[in-house]
Amino acid sequence: MQLLKEKILSEGQALSEDILKVDSFLNHQMDPLLMKEIGKEFAKRFEQKEITKVLTIESSGIGPGLMAALVLEVPLIFARKRKSLTLTNDLVTASVHSFTKQETNTITVSNKYIEAGDKVLIIDDFLAVGQAARGLVDICSQVGADVVGIGIVIEKAFQSGGKDLREQGFHVESLAKIAELKFGEITFVEEKEGAPINV
Ligand code: 5GP
C-alpha cells in the first residue's frame, strides 16, 4: 500500500535492526485519514470471506481494526491485556509474549462477543514473531470461531511470524512488508517481483 510505505519512509524510525518506531501515525498519535485508507484496503483484501467479526488486541490494533470493521460493517472486539472490573464472566484467555516489551500478558475476550460460527478477521499493527496473532487465533479456536484472515499493517518479513502463519495455512495480508531495518534505513519487500528493493 503505497500511501503507507510513503508514511513509513517519511516518519518511521528504525531504532535498531529489529524495531521500527511509528509513533507519529500508528502507535501513539494516529493519522485518521491513513487509518481510513487502511480500513478500506483490509476490507478489499478480505471481501470474499464473509467476515462476521474483526478481532484485535489493545491498544495499537484498535485504530486499524475499527476502520476495517467500519468498512466491513461488522463489530470490532479488542482483546484486553489488563484485568477489567466490568469484564468478569465467561472469559476466554490466551498467553502472549510481547516482542517489543519483553513481557508476557494474559489476553482476555468475553465469549459473549466471539462465538462458535463466527468468521473472524484478526487485525494487528505489527507482525514480528507472531505471538500476538497466535494468541488471538488461540482465543478463536477455544470458542469454535473460524479465523478467515489475518490483516497486518506492517509485517517485518525478516522475522518468522508471517512465514510460520502462512505455512500453517492462514491467509495473511500485510499492507507494508519490511525486508530489512538498519539504523536509519528501511527497506521494503518488493511485492510484484518478490525481490527486496531499497526505497
Ligand atoms: P509479535 O507478537 O508478532 O512478535 O509482535 C507483534 C506485536 O509486537 C504487535 O502487536 C506490536 O505491538 C509489537 N511490535 C512488534 N514489533 C514491533 C516494531 O518493530 N515496532 C512496534 N512499534 N511494535 C512492534
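How many residues of the shell around the ligand are nonpolar, polar and charged? The shell has eight nonpolar, four polar and four charged residues, where Ala, Val, Leu, Ile, Met, Phe, Trp, Tyr, Cys and Pro count as nonpolar, Asp, Glu, Lys and Arg as charged, and the others, Gly among them, as polar.

The model is predicted: local features need pLDDT of at least 70, side-chain atom pairs count only at pLDDT 80 or more, and totals for chains, interfaces and linings use all residues. Residues are numbered from 1 along each chain as its sequence is written, and side-chain values use heavy atoms, without hydrogens and water.

Leu20, Ala128, Gly130, Ala132 and Lys156 come nearest among the 16 residues around the ligand (a residue is near if one of its heavy atoms lies within 4 Å). β7 (119–127) and α5 (131–143) each supply at least two shell residues; the largest share, four residues, is from β7. Helices (H or I, at least four residues) and strands (E, at least two) are DSSP runs, numbered from the N terminus.

The table gives polar contacts, pairs of N or O atoms within 3.5 Å.

| Residue | Protein atom | Ligand atom | Distance |
|---|---|---|---|
| Leu20 | polar backbone atom | nitrogen | 2.7 Å |
| Asp125 | polar side-chain atom | oxygen | 3.1 Å |
| Gly130 | backbone N or O atom | oxygen | 2.7 Å |

Taken alone, the ligand exposes 500 Å², and the protein buries 88% of that (Shrake-Rupley method, 1.4 Å probe).

Technical notes. A polar contact is a pair of N or O atoms within 3.5 Å; within protein, one must be able to donate a hydrogen and the other to accept it, and residues adjacent in sequence count only if both atoms are side-chain atoms.
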